[in-house]
Amino acid sequence: SKEQEESGYSLPAQEKLLREYCQRKQFTIAKVYSVSESASGKSRRKTFEDMMAYVSREKIKIIVCEKVDRLTRNLHSVVVIDKWLEKNPDRQIHLVKDCLVLHKHARSQEKLSWGIQVVIAKNKIDNLSEEVIKGQQEKLAQGGYPGRPKLGYHNIITQGKKQTIIDPNYAPLIQKMFELYATGQYSTYRLADTMDDLGLKTTIGHKVGSSNIHRYLQDPFYVGKVVWNQQMKAGSHPPIVTQEIFDTVQSLLKRDGLSRYCKHRYLFKGLILCAECGGLITWE
């Protein structure tokens, strides 16, 4: 965030600090690992796991990090780090802003400081998670949708609040998709090709696949309802399709087998048999 950047917490600022520290300590930098604050928990874990695998594989003995909560925010990672330190007395972790150097024979006071900082970092994450959930619940109570806008909608800012409105470019295509499937003459595979020809694309300009077509056709968001954590509520956004068409589509999606589409009805089709073998003669 802007506040973090001004306080010297931006990634370039952190990297500059650590490079200067390594220069003073005469450390040779083997590799730099960084992850943004906005990255998902999965992305953070992957970066951490990649780093630990690298230092073990390349026999790196020193890890330099800005502070404890930049290195880890969960107890599982602490166990991994402690095991890594215990295997070799020459291994060290330098936490620059915390003025802390961890190693196998670190004093109990240093280990206590490490443990306290980890718990504080974990509490920060837990608190952020609580605040996010509270915000989502409040938005749902007001009829809003906490996630990204669905295809066919976009968000605008009105009086400091996000409002979901119909996208005039994609909404007619979503409506057409429902109407075509409601005829009973389309499978999701054929409908995907048809909608691609009509101009329905993903947010990055790719064709919308049949599995996504099936997911859109099942989504009650398009009739003005919001589903979150398996609970359905009335939404404040305008619907794109009518309840009648939506119910027809749901009935067709639940039927057995795919739709039987026949492009041409040929004369005598399926009626003429071969006199020698008894096999059905094709129209051609």
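**Close-up views of the predicted model**

**View A. Surroundings of Leu191.** Apart from neighbours within four places in sequence, Leu191 is in contact with Met177, Leu180, Tyr181, Tyr186, Ile213 and Leu217; contact denotes heavy atoms within 4.5 Å. The model is predicted, with local features requiring pLDDT of at least 70 and side-chain atom pairs counted only at pLDDT 80 or more, whereas totals for chains, interfaces and linings use all residues. Residues are numbered from 1 along each chain as its sequence is written, and side-chain values use heavy atoms, leaving out hydrogens and water.

**View B. The largest nonpolar core.** This core has 31 residues, and those with the most contacts inside it are Met177, Phe178, Leu191, Leu200, Ile213, Leu217 and Tyr222. At least two residues of this core come from each of helix H7 (171-182), H8, H9, E6 and H10; H7 gives the most, with seven residues. A second, separate core of 20 residues includes Phe48, Met51, Cys65 and Val118. A nonpolar core is a set of buried Ala, Val, Leu, Ile, Met, Phe, Trp, Tyr and Cys residues joined through side-chain atoms within 4.5 Å. Helices (H or I, at least four residues) and strands (E, at least two) are DSSP runs, numbered from the N terminus.

**View C. Thr188 in helix H8 (residues 188-198)**. Thr188 is buried, with a relative accessible area of 10%; buried means under 20%, exposed over 50%, and partly exposed in between (1.4 Å probe, protein chains only). Excluding neighbours within four places in sequence, Thr188 is in contact with Tyr181, Ser210, Ile213, His214 and Leu217.

**View D. Salt bridge between Asp90 and Lys61**. The two side chains meet at 3.8 Å, N to O. Because Asp90 lies in the loop between helix H5 (75-86) and strand E2 (92-95), and Lys61 in the loop between helix H3 (41-57) and strand E1 (62-65), the pair ties together parts that are 29 residues apart in sequence. Asp90 is partly exposed at 45% relative accessible area, and Lys61 is likewise partly exposed, at 41%. A salt bridge is a side-chain nitrogen of Lys or Arg within 4 Å of a carboxyl oxygen of Asp or Glu; by this rule the count comes to ten.

**View E. Salt bridge between Lys97 and Glu66**. The N to O distance is 3.3 Å. Lys97 lies in the loop between E2 and strand E3 (100-103) and Glu66 in the loop between E1 and helix H4 (68-71), so the pair connects parts 31 residues apart in sequence. Lys97 is partly exposed, with a relative accessible area of 40%, whereas Glu66 is buried, with a value of 1%.

**View F. Salt bridge between Asp219 and Lys150**. These side chains meet at 2.8 Å, N to O. The pair links distant parts of the chain, 69 residues apart: Asp219 is in the loop between helix H9 (210-218) and strand E6 (225-228), and Lys150 in the loop between helix H6 (108-141) and strand E4 (153-158). Asp219 counts as buried at 13% relative accessibility.

**View G. The hairpin of E6 and E7**. E6 and strand E7 (residues 231-234) pair in the antiparallel sense over four bridges; pairing requires that DSSP finds at least two bridges between two strands. The bridge partner of Val226 in E7 is Lys233. Two residues lie between the strands, and Asn229 in the turn has a positive phi of about 55°.
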